[in-house]
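Let's take a friendly walk through a protein, looking at its inside and then at its surface. Have the picture ready as you read.

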Amino acid sequence: MIDVFGPVKSLLKIDEVCIDNFVFKLHYKATLCILLGCSILVTCRQYFGDAIDCMVDGIPSGIMDTYCWIYSTFTIPDRFDGKEGRTMAHPGVSDFEEGVDGVKYHKYYQWVCFVLFFQAMFFYVPRYIWKIWEAGRMKVLVLDLNSPFSFDSEHRQSLINYFVHNLHSQNFYFIRFFLCEILNLCNVFLQIYLIDCFLEGEFRTYGYDVLKMTELNPEDRKDVMSRVFPLVTKCTFNKYGQSGTIQKFDGMCILPQNNLNEKIYVFLWFWFWFIAIISVLNVVYRILFILVPHFRLFLLRSRIDRLSYENMNILIQKFWIGDWFVFYQLAQNVSPVVFREFVSELTNKFETNVNV
């Protein structure tokens, strides 16, 4: 297991310089690792384990397993309601009449590992775009400022000159970041929609239905997970007999892989809706950041609690939204002691520089 999840562990390392925020990391770190981990688990179970076992008289088990895996198995939706062992052998597995009873084919389980992998890549796309647009700006500004003893006067003066000379010219930097946050939000809802299409409309309420099912008495429960990821299915194999007539063999297949798939997608339902809600709140937070100047001051004072009213008033008058954003990003990467000294000198520079 350590060898399997070793590459995923490297994605969790802490960045030396922070160029985004916690919500952004939920998308390209946490969700990416979850989806890759699930994809690896399913791949190991599917291609290096026993993914399907079929039982039928007159056909070798290996041939039946391969055939049913390739051409899919099916259940009868109308047979999910009833008494197991009496009116049906298993949920969705019972006798049926062709052309009268509808059947539902299950072939998506072959693609689960690939779908999870490509979903993981989609969650990294906004991060990749932002790294291109950011172009290492914050790393250049921070350098080795994490220690108060390394913040020499030359570097401090260069940083002050950067904010003075680039005043009102950093809005595009902020707009790009905000677009990536919007892209994160859109991607979550897009992934929920795509999974729902992949599972044939069963995902949109999947987690809620499972949660509601656990609150019922065991005798009254209708297994929602077996409807989406059946553990036992049917499979029909046709072959020519000795006289050339077509013989039909009706078999029953066990899908142990679906025991893992059903748990994965229950967790993903709750996780996707969690980060969707967090992402919506983050967009609301960002709108407040844009529209309410005093909200920016509140955020800044949460990083440094000893700023004077005069210093903050100067920053309100001088900074535009892009300047504020770069300023606050810098505060996340610098020691509070160093940053407090930097703010004091920057406000003094604004007061004495009549050209600003």
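How much space lies in the largest cavity? About 40 Å³. This is a predicted model, where local features need pLDDT of at least 70, side-chain atom pairs count only at pLDDT 80 or more, and totals for chains, interfaces and linings use all residues. Residues are numbered from 1 along each chain as its sequence is written, and side-chain values use heavy atoms, leaving out hydrogens and water.

Rolling a probe the size of a water molecule over the atoms shows where empty space is left. A cavity is a set of points, on a 1 Å grid over the protein atoms alone, where a 1.4 Å probe fits but cannot get out. The structure holds one cavity of 30 Å³ or more.

Which residues line it? Val 23, Phe 24, His 27, Glu 181, Asn 184, Ser 279 and Asn 282 do, where lining means having an atom within 4 Å of a point. Helix 2 (22-47), helix 7 (171-198) and helix 10 (257-291) each supply at least two of the lining residues; helices here are DSSP runs (H or I, at least four residues) numbered from the N terminus. Helix 2 gives the most, with three residues.

Trp 111, Phe 114, Phe 117, Phe 118, Met 121, Phe 122, Val 125 and Leu 183 make a nonpolar patch of about 750 Å². Patch residues have over 30% relative accessible area and no salt bridge, with nonpolar side chains joined within 5 Å. Helix 4 (residues 112-134) brings the largest share, six residues, and Phe 122 lies in this helix.

Methods
1 Å grid on protein atoms, 1.4 Å probe; cavity = no way out; pocket = protein on both sides within 12 Å on 5 of 7 lines; lining within 4 Å. Points joined across faces, edges and corners; volume = space filled by probe spheres on them. Patch = residues over 30% accessible without salt bridge, like charges linked within 9 Å, V, L, I, M, F, W, Y side chains within 5 Å. Areas by Shrake-Rupley, 256 points an atom, 1.4 Å probe, with all protein chains shown as cover. Salt bridge = Lys/Arg side-chain N within 4 Å of Asp/Glu carboxyl O.
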